[in-house]
Amino acid sequence: MSVKGKGGEAEKFITAGNELLAWEYEKYQAGFRFVVGIDEVGRGPLAGPVVAAAVGFPQGAVIPLVNDSKKLCEEKREALDEAIRKVPGVRIAIAEIPVEEIDRINILKATHLAMKQAAEAIPEADYLLVDGLPVPGLPKESCNIIKGDAKSASIAAASIVAKVYRDRLMVELDKQYPGYGLAENKGYGTAAHLQALKVLGVTPIHRRSFAPVRDIIEPPPEQMELF
């Protein structure tokens, strides 16, 4: 389906029957009433929080043509984030777990906690579609979908919302902690970021439990030469 948008450009939408809604409609046919997709971003970076988003569209909604956020340029993600939020009846929740908690409980548990909190913030959800591997402790019945952000409209939308939210946050953190290139690398361990860590040191938003950061705080002992 195409609808003319601003400037006469055709904007594509997903409607009933599209394969990106197959998982959602399977659950509706099973008797569930509000299906929500969940995805996370920021598991791998050396700095900043891990973020999860939950997105649910009402049955029959006309949904923007979403995709896995990793396959979209920044401009397209920003436009889709705006379009997702304009869908009548859409429910969106975002949860972020700060670096202190990541260091305390580990990144996997922190990621699961973010997903759980995002799900809890949409109480009308009665079924959850989760990207990736199973997540324990979710508040509603759920299933996990490997590479779900390319297979489910709800998960793809969640991946976009989470990515846009976290990227904007890292741009703001770059202003507070200049020199690390956070606006460009979003906290990932690029060569320039690692070099900045060595020169400028570790900030409060760096994950001290991650090896590249930990090794700067407490350098590993040098190995003795035996020969």
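**A guided look at the chain**

The mean positions of the 28 positive and 31 negative charges of the chain are 3 Å apart. The model that gives this value is a predicted one. Along its principal axes, the C-alpha trace spans about 70 × 45 × 35 Å. The chain contains eight helices and eight strands.

The chain has 227 residues, and 47% of them count as buried. Its accessible surface comes to about 11,900 Å², with 55% of that belonging to carbon and sulfur atoms. Contacts can also be sorted by how far apart the partners sit in the sequence. Among contacts between residues at least 6 apart in sequence, 63% join residues at least 24 apart.

Next come the spaces inside the fold. Rolling a probe the size of a water molecule over the atoms shows where empty space is left. How many cavities of 30 Å³ or more does the structure hold? There is one. About 80 Å³ of space lies in the largest cavity. The residues that line the largest cavity include L21, E24, Y25 and Y28, along with V35.

A pocket, unlike a cavity, is an open set of points. The second largest pocket has a volume of about 370 Å³. Its lining is made up of 20 residues, and those nearest its centre are D39, E40, V41, R43 and D131. Which elements each supply at least two residues of this lining? They are β3 (35-41), α4 (107-120) and α5.

Helix α5 covers residues 153-176, and K163 is found in it. Is K163 buried or exposed? K163 counts as buried because its relative accessibility is 17%, and the cut-off for buried is under 20%. Leaving aside neighbours within four places in sequence, K163 is in contact with V41, S69 and R77. Of these partners, V41 is also one of the residues nearest the centre of the second largest pocket.

E19 is found in the loop between β2 (10-14) and α1. Its relative accessibility is 68%, so E19 counts as exposed. How far apart are E19 and K163 in sequence and in space? The two are 144 residues apart in sequence, and 23 Å apart in space from C-alpha to C-alpha.

N106 lies in the loop between α3 (99-105) and α4. Phi of N106 is near 90°, a positive value in a residue other than glycine.

K147 has its place in the loop between β8 (142-145) and α5. Its phi is near 55°, again a positive value in a residue other than glycine. With a relative accessibility of 61%, K147 counts as exposed. The loop that holds K147 leads back to α5, the helix in which K163 is found.

Definitions and conventions. Residues numbered from 1 in each chain as written. Predicted model: local features only at pLDDT ≥ 70, side-chain atom pairs only at ≥ 80, totals over all residues. Heavy atoms only, no water. Helix = DSSP H or I, 4+ residues; strand = E, 2+ residues; numbered from the N terminus. Buried < 20%, exposed > 50% of the residue type's maximum accessible area, 1.4 Å probe, protein only. Contact = heavy atoms within 4.5 Å. Areas by Shrake-Rupley, 256 points an atom, 1.4 Å probe, with all protein chains shown as cover. Lys, Arg positive; Asp, Glu negative; His and termini not counted. Charge placed at Lys NZ, Arg CZ, Asp CG, Glu CD. 1 Å grid on protein atoms, 1.4 Å probe; cavity = no way out; pocket = protein on both sides within 12 Å on 5 of 7 lines; lining within 4 Å. Points joined across faces, edges and corners; volume = space filled by probe spheres on them.
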